[in-house]
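Visitor: I should be grateful for a close look at a single part of this structure. Please describe one element in detail and then set it in its wider context.

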Amino acid sequence: MMRLSPARLALYVISALVLVYLILPVLIIAPISFSSARFLTFPPPSFSLRWYQQYFANPAWMQATRVTLTVALLTVVIATPLGVSAAYAISQSKLRIMRVVHMMLLLPLVVPIIITAVGIFFVYAKVGLVATLPGLVLANVMLGLPYVIISVLAGLQSFDPAQEMVARSLGMNRLRSFFAVTLPQIKSSVVAGGIFAFISAMDETIVALFISGGQYQPLTKRMFTALRDEIDPTIAAISTLMTAASFMLVLLASARQRKGA
Amino acid sequence: MTSTPDPSQKQQRREHGLMLALVSPALLVILALIVLPVGWLAWQSIYHDGFTLENYRRVFTEDIYWRSFALTFEISLAVTGIALLLGYPVAYLANSVPKGWSILILSLVVLPFWTGVLVRAYAWLALLQRTGVINQLLRYLDVTSEPLALVHNTFGAVVATVHILLPFMVLPLYATMQKIPSDLMQAGASLGASPSLTFVRVFLPLSLPGVLAGCTMVFVLCLGFYITPELLGGGRTVMVSMLVSRNVELYNQFGAASAVAVVLLASVLLIFAVVSRFISLDRILGQK
């Protein structure tokens with residue numbers, strides 16, 4: 001195994017190239033965003049914050065940022081308790097119908113998002129939810145639920161339900177025993193699930209393209225429109241900030257998960 | 001067991017009621033925001049002032065529709081094939097190196113995962129456009145004299161799509177390879193087989209469930225891909241998802257859009273149904 005055969009060498013070279021291909025686009029964005037040039041040139045010209053200034057000084061981008069943050073936060077606040085209670089019921093109940101329910105709750109991962117988006121658009125058009133904040137939040141709650149449920153179910157798998165039984169036999173009611181005994185032990189998977197729901201809402205684009213409008217357009221919709229017209233390095237600045245935000249959130253989530261394990 | 005006393009039966013019924021109550025808010029959201037909308041599409045595809053199959057007739061007979069479906073399947077097949085060719089060596093390497101290295105490799109694989117799809121579309125535009133990084137590098141190295149058309153065509157769309165879907169290939173492959181006992185390879189070697197023969201006869205067949213899981217996920221996701229082909233395909237690569245969106249946004253052809261969506265969804269569900277006969281669905285979906 002240790003001697004470097006030609007096959008092994010080829011494996012190293014191919015894998016290294018694939019890994020470069022994977023991370024190159026992630027690495028290229030930050031340099032563009034800090035460059036003073038409109039296009040990326042070699043050698044890179046001077047360092048500049050002009051694209052960040054353009055972003056922060058533009059009321060339309062700022063409004064979109066507020067929409068994105070509001071939607072993502074509300075999504076977490078709603079999707080997390082819904083997902084936790086659903087995951088708890090799925091893992092504890094012996095009802096046979098729960099298997100079907102479980103499958104249905106994962107539907108957002110199975111149905112191609114473009115289909116979901118168009119369908120929601122038609123339904124929203126009938127009930128007047130197009131271009132509204134509640135409409136945007138509801139759609140993102142639906143899309144974020146599977147992440148919370150998967151994460152919490154994984155957490156509950158290593159939890160012994162007998163502990164909750166003990167608490168109840170000692171006189172706690174069901175709700176109290178859940179909050180006192182179960183929740184503290186699955187806390188890290190709950191937090192991780194919430195973080196994934198936040199990132200999912202922050203990055204969601206396709207549904208927003210169809211159902212958002214007016215003053216309630218999230219960042220991604222404005223970015224998409226801007227990208228279709230012209231390559232403006234302001235997008236590099238926004239992308240850098242968004243990427244930094246997701247990476248920090250993922251690190252936070254995985255740190256919590258490790259602590260919980 | 002058959003003659004359960006009354007109180008415990010009552011308790012059990014209460015327990016069932018509680019569990020259903022706990023699951024119902026989430027279920028309600030799913031029903032209202034995905035089951036109802038998809039049902040709506042299905043209804044709209046066959047009903048417009050009376051029942052009609054006109055929309056489906058168009059999808060299956062009119063050129064632009066079936067050509068778009070054919071193109072989407074072709075691109076999805078190509079993307080799946082490329083992702084397998086690129087992903088297999090990486091998963092194999094991650095599986096055969098010490099723990100620290102494999103964590104590093106897998107982190108690099110999932111790193112782009114957490115970068116938004118739009119962000120990466122932008123990055124590929126910046127890399128591949130006529131004045132982009134790749135073209136400048138090629139000019140600088142004197143490989144080309146004219147900038148190559150790397151983006152706003154099928155090539156650009158495929159490069160960026162493979163990039164986005166590659167983690168969905170590598171992760172199930174790695175998960176499967178991890179479960180292959182390494183003594184099997186040693187046994188092969190001790191029986192005198194060359195490393196390449198043990199790989200082909202022992203390792204490769206045992207990794208096939210991972211290949212199937214990864215290929216299914218990549219293929220199915222690619223069938224419904226929208227943002228990347230729209231931004232990098234240059235308008236000529238009209239995938240099914242773009243057909244749906246154009247019919248809604250530009251032409252107000254709601255019935256036709258719905259029929260296309262239903263056919264696309266049916267294809268996806270059919271693929272899942274066929275594949276789930278060989279490997280469990282959890283195995284395909286379990287990977288985030």
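Guide: Consider H6(A), which is largely enclosed by the rest of the structure, because 12 of its 15 residues are buried. A residue counts as buried here if 20 or more other C-beta atoms lie within 10 Å of its own. The model is predicted. The buried residues of H6(A) begin with Ile113(A), Ile114(A), Ile115(A), Thr116(A), Ala117(A) and Val118(A), and they continue with Gly119(A), Ile120(A), Phe121(A), Phe122(A), Val123(A) and Tyr124(A). From its first C-alpha to its last, H6(A) reaches 21 Å, close to the 21 Å expected at 1.5 Å a residue. Just after H6(A), Gly128(A) adopts a positive phi of about 75°.

As to confidence, the predictor assigns the complex an ipTM of 0.87 and a pTM of 0.88. For chain B, the mean pLDDT is 86, and 96% of the residues reach 70 or more. Among the elements of chain B, helix H3 (residues 63–96) has the highest mean pLDDT (93) and helix H13 (residues 281–285) the lowest (70). Where pLDDT is low, the predicted coordinates should not be read in detail.

Notes: Residues are numbered from 1 along each chain as its sequence is written. Chains are lettered from A and ligands numbered from 1 in the order in which they are written. This is a predicted model: local features need pLDDT of at least 70, side-chain atom pairs count only at pLDDT 80 or more; totals for chains, interfaces and linings use all residues. Helices (H or I, at least four residues) and strands (E, at least two) are DSSP runs, numbered from the N terminus. The expected span of a helix is 1.5 Å times one less than its number of residues. pLDDT is the predictor's confidence in each residue, from 0 to 100.
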